[in-house]
Amino acid sequence: MAKGRNNLLGVGGQRKKLSRADQQGAGTARVADRKVAEDKKQELVRKMRERAEAQTATTAEESGQSGQGAPAQS
């Protein structure tokens with residue numbers, strides 16, 4: 001039997017070393033950066049949705065006008 005089979009020290013990877021502030025729950029700059037990035041993403045998504053809605057509304061108006069624009073002549 002091989003020696004050291006029962007020694008599981010170090011199994012499971014390494015843990016990130018936390019500063020005292022992190023251990024006590026104080027936010028770091030990284031947390032703030034993530035929040036700023038999330039806010040920018042939400043703003044971009046909102047703008048894209050508004051543009052898409054405006055484009056579909058314009059397309060719907062154009063298709064509605066083309067069908068009713070000129071009366072049929074007999």
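This report describes the helices, surface and salt bridges of a predicted model.

## Overall make-up

The chain contains two helices and zero strands. One of the helices, H2, covers residues 29-68.

The chain has 74 residues, and 0% of them count as buried.

## Salt bridges in the model

The structure holds three salt bridges. They are described below, beginning with the pair formed by lysine 35 and aspartate 39.

## Lysine 35 and aspartate 39

Lysine 35 and aspartate 39 form a salt bridge in which the closest N and O atoms are 3.7 Å apart. This pair counts as a salt bridge because the separation of 3.7 Å falls within the 4 Å cut-off. Both residues belong to helix H2, where they are four residues apart, about one turn of the helix.

How accessible are the two partners? Lysine 35 has a relative accessibility of 54% and counts as exposed. Aspartate 39 has a relative accessible area of 42% and is partly exposed. The labels differ because exposed requires over 50% relative accessible area.

## Glutamate 43, arginine 46 and glutamate 50

Arginine 46 takes part in a salt bridge with glutamate 43, and the closest N and O atoms of this pair are 2.4 Å apart. Both residues lie in helix H2, three residues apart, which is about one turn of the helix. Arginine 46 also forms a salt bridge with glutamate 50, here with the closest N and O atoms 2.6 Å apart. Glutamate 50 and arginine 46 are four residues apart in helix H2, so about one helical turn separates them. Through salt bridges that share partners, Glu43, Arg46 and Glu50 are joined into one network.

How values were computed
Residues are numbered from 1 along each chain as its sequence is written. This is a predicted model: local features need pLDDT of at least 70, side-chain atom pairs count only at pLDDT 80 or more; totals for chains, interfaces and linings use all residues. Side-chain values use heavy atoms; hydrogens and water are left out. Buried means under 20% relative accessible area, exposed over 50%, partly exposed in between (1.4 Å probe, protein chains only). A salt bridge is a side-chain nitrogen of Lys or Arg within 4 Å of a carboxyl oxygen of Asp or Glu.
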